[in-house]
Amino acid sequence: MKTQKILYKGGEGELIEKKSRFIATTRPVETEEEALAFLAEMKKKYWDATHNCSAFVIGDRQQIQRCSDDGEPQGTAGRPMLDVLLGEDIHNMAVVVTRYFGGTLLGTGGLVRAYSKSVQIGLEASEVIEKRSGFLLKMAADYNGIGKIQYILGKKGIPTIASEYGADVVLEVLVPEEEEQGLKEEITEGTSGRTVYQEEKAVLYALLSDGTPLIEEL
């Protein structure tokens, strides 16, 4: 796996269409059981709603895909919702769109558009992150070389996770898998071979919106 988009934090968004109220709620899920439990929770919360339509995708290859129209005309709710998730290439998430009927029929096309847009609004209220294959790379360099290393890291947008200043400077950085070899070669050349690579771990990682790293060792 090079990259994979997942839902990190769920959210809620709302759409009003011809007096019908659509509430989109998103939730990270790891299993089908979690997704079904989330759906049951939403149906209990919005027990008085006209419909609670749903869709979810689970697995590294989105192996599990399910959707439900929950009483809406076939193909006007669940499938369009699922198509949004697949189109965004998001993994391990579920969404429920709750509808309170406003008295005006939307028609087939109107329903498809309303449910699709509701999911997009729900995603905008959520936090989606991109997990990447990479390496946690620990390196040591003297004080003459550290400026050059920091310049190279900044140019490539590679985040520094930890730094330690002693006799030498020790940095721990997150490197995308496809950039690891090139980065090491450029740093080695830039510091005239004085950089020592102390440790290298294969990881899956993501950066939150505030820059906080999430790291999972492989």
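Buried means under 20% relative accessible area, exposed means over 50%, and partly exposed lies in between (1.4 Å probe, protein chains only). This is a predicted model, in which local features need pLDDT of at least 70 and side-chain atom pairs count only at pLDDT 80 or more, while totals for chains, interfaces and linings use all residues. Residues are numbered from 1 along each chain as its sequence is written, and side-chain values use heavy atoms, with hydrogens and water left out.

**View 1. Phe56 is a buried residue of strand 4.** Its relative accessible area is 6%, so Phe56 counts as buried. Helices (H or I, at least four residues) and strands (E, at least two) are DSSP runs, numbered from the N terminus. Contact means heavy atoms within 4.5 Å. Not counting residues up to four places away in sequence, Phe56 touches Glu32, Ala35, Leu36, Ile64, Gln65, Arg66, Leu82, Leu85, Met93 and Ala94. Pro73 is 17 residues from Phe56 along the chain, and their C-alpha atoms are separated by 19 Å.

**View 2. An open sheet of 5 strands has the order 2-3-7-4-5.** The pairing is antiparallel. Strand 2 (12-17) and strand 5 (64-68) stand at the edges with a single partner strand each, so one side of each is left without a neighbour in the sheet. From one strand to the next, the twist averages 15°. Two strands pair if DSSP finds at least two bridges between them. Strand 4 (residues 51-58) and strand 7 (residues 93-100) run antiparallel and are joined by 7 bridges. Cys53 has Val97 in strand 7 as its bridge partner.

**View 3. Helix 1 and helix 3 lie across strands.** Axes are lines fitted to C-alpha atoms, for helices over the stretch in contact, and angles run from 0 to 180 degrees between N-to-C directions. Helix 3 (residues 107-124) lies across strand 2, strand 3, strand 4 and strand 7, at about 45° to strand 3.

**View 4. Asp70 forms a salt bridge with Lys43, and Glu72 forms one with Arg99.** A salt bridge is a side-chain nitrogen of Lys or Arg within 4 Å of a carboxyl oxygen of Asp or Glu. In the Asp70–Lys43 pair, the closest N and O atoms are 3.9 Å apart. Asp70 lies in the loop between strand 5 and helix 2 (78-87) and Lys43 in helix 1, so the pair ties together parts that are 27 residues apart in sequence. Asp70 is partly exposed at 28% relative accessible area, and Lys43 is partly exposed at 36%. In the Glu72–Arg99 pair, the closest N and O atoms are 2.9 Å apart. Both Glu72 and Arg99 are buried.

**View 5. Glu178 forms a salt bridge with Arg132.** The closest N and O atoms are 2.9 Å apart. Glu178 lies in the loop between strand 10 (169-176) and helix 5 (180-190) and Arg132 in strand 8, so the pair ties together parts that are 46 residues apart in sequence. Glu178 has a relative accessible area of 47% and is partly exposed. Arg132 is partly exposed at 24%.

**View 6. Glu127 is buried yet has no salt bridge.** Glu127 lies in strand 8 (residues 127-141). The nearest side chain of opposite charge, Lys9, is 4.4 Å away. The Glu127 side chain reaches the backbone nitrogen of Ser209 at 3.0 Å. Leaving aside neighbours within four places in sequence, Glu127 is in contact with Ile6, Leu7, Tyr8, Lys9, Leu208 and Ser209.

Note on methods. Lys, Arg positive; Asp, Glu negative; His and termini not counted. Polar contact = N/O pair within 3.5 Å; in protein donor to acceptor, adjacent residues only side chain to side chain.
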